[in-house]
Amino acid sequence: MGKLNNLSDRNKGIVFIILSAFGFAMMSAFIKLSGDLPSVQKTFFRNLVSCIIAFTLILKYKESAFGSKENRKVLILRSIFGTLGIILNFYAIDKLVLSDANMLNKLSPFFVIIFSAIFLKERIKSNQAIAVIIAFIGALFIIKPTLNFAMIPYVAGILGAIFAASAYTCLRVLGAKEKFYTVVFFFSLFSTVSIFPFAIMTYKSMTLIQFLYLVLGGVFASIGQFGVTLAYKYAPAKEISIFDYSNIIFSAIISIVVFNVIPDKYSFIGYIIIFSASYYMFLNNKKTKN
């Protein structure tokens with residue numbers, strides 16, 4: 001931890017975003033391994049575990065569980081967007097190749113640019129606009145658009161990215177105003193309570209191994225959640241989002257090793273295009289900073 005304290009805020013952001021990427025890749029794997037369970041049920045258990053872990057940290061450090069009053073509105077918005085994003089992402093994970101689902105979710109940094117312009121009044125630069133257009137072209141290679149029901153999981157994946165971007169925009173507004181475990185606890189509790197009735201209505205009985213997979217999914221989701229909350233606390237999304245794409249490397253390895261599934265050539269082309277767009281944006285941000 002001492003070595004981490006010696007790093008610049010930007011480098012701390014990079015460390016935490018890579019840790020987050022690994023956590024979310026492992027979470028996705030365990031969610032997929034848990035099998036044919038309703039997405040709402042999976043979301044409930046995922047956030048229940050995160051809620052317990054975050055609450056333990058709040059008790060340990062004697063911090064506020066619900067944040068300060070002036071930040072409550074942003075915390076609620078972050079929780080609504082985050083919950084919807086997870087449900088849609090889990091649906092996509094269940095129905096698609098793992099790395100495809102996670103790459104669609106990684107469109108969120110490009111939506112962050114759009115939402116930051118709309119809600120935070122940050123000007124979109126020409127290079128950012130180019131990167132966003134290129135990223136969406138890459139998404140088309142992954143989606144391979146057709147006019148049938150096979151499109152639904154891909155649409156869910158993109159909508160999940162839109163809601164995730166909305167949640168991350170809220171995290172930037174919160175910045176260092178709240179402790180990271182307060183933010184995670186508020187979100188996890190809100191999500192757990194709000195979807196509990198739906199989880200009961202659609203509940204499907206589980207085997208012990210399915211339950212263990214969901215618990216492990218929740219543990220790794222917590223690692224991912226703490227990582228991303230800390231990452232955006234230390235550095236702006238535009239400076240560190242490129243490193244979030246390590247998630248796709250983790251996911252592709254998991255897809256091949258655990259699920260014995262290799263993405264098709266069009267998906268690989270899409271990955272390269274989206275990553276290139278993000279790398280182009282990253283280089284331009286670095287040049288601007290220098």
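Author: Happy to! Let's begin with Asp 264, which counts as partly exposed because its relative accessibility is 33%. Keep in mind that this is a predicted model.

Reader: Thanks! Which side chain does Asp 264 meet in a salt bridge?

Author: Asp 264 pairs with Lys 144, at 3.2 Å from N to O. Lys 144 sits in the loop between helix H7 (126–143) and H8, while Asp 264 is in the loop between H12 and helix H13 (265–289), so the pair ties together parts that are 120 residues apart in sequence.

Reader: Nice. How many salt bridges are there in the whole structure?

Author: A search of the whole structure turns up four. One of them joins Asp 36 to Lys 204, with the closest N and O atoms 3.0 Å apart. That pair also links distant parts of the chain, 168 residues apart: Asp 36 is in the loop between H2 and helix H3 (39–61), and Lys 204 is in the loop between helix H9 (180–201) and H10.

Reader: Is Asp 36 buried or exposed?

Author: Asp 36 is exposed, because its relative accessible area is 59%.

Reader: Switching topic: how many cavities of 30 Å³ or more does the structure hold?

Author: There are two. The largest cavity has a volume of about 260 Å³. It is lined by 20 residues, and the closest to its centre are Phe 24, Ile 86, Asn 89, Asn 105 and Tyr 168.

Reader: Which elements give two or more residues to that lining?

Author: They are H2, helix H4 (72–95), helix H5 (98–105), H8 and helix H10 (208–234). H4 gives the most, with five residues.

Reader: H8 came up there. Where is Thr 169, and what does it touch?

Author: Thr 169 is in helix H8, which spans residues 152–174. Leaving out residues up to four places away in sequence, Thr 169 touches Val 112, Phe 115, Ser 116 and Leu 120.

Reader: And why does Thr 169 count as buried?

Author: Because Thr 169 has a relative accessibility of 5%, and buried means under 20%.

Reader: Last topic, the surface. Which residues form the nonpolar patch?

Author: Leu 33, Ile 249, Ile 253, Ile 256, Val 257, Val 258, Ile 262 and Phe 268 form the patch, and together they have about 740 Å² of accessible area. Helix H12 (residues 246–257) supplies the largest share, four residues.

Reader: Where is Leu 33 found, then?

Author: Leu 33 is in helix H2, which covers residues 9–33. At 31% relative accessibility, Leu 33 counts as partly exposed.

Note on methods:
Residues numbered from 1 in each chain as written. Predicted model: local features only at pLDDT ≥ 70, side-chain atom pairs only at ≥ 80, totals over all residues. Heavy atoms only, no water. Buried < 20%, exposed > 50% of the residue type's maximum accessible area, 1.4 Å probe, protein only. Contact = heavy atoms within 4.5 Å. Patch = residues over 30% accessible without salt bridge, like charges linked within 9 Å, V, L, I, M, F, W, Y side chains within 5 Å. Areas by Shrake-Rupley, 256 points an atom, 1.4 Å probe, with all protein chains shown as cover. 1 Å grid on protein atoms, 1.4 Å probe; cavity = no way out; pocket = protein on both sides within 12 Å on 5 of 7 lines; lining within 4 Å. Points joined across faces, edges and corners; volume = space filled by probe spheres on them.
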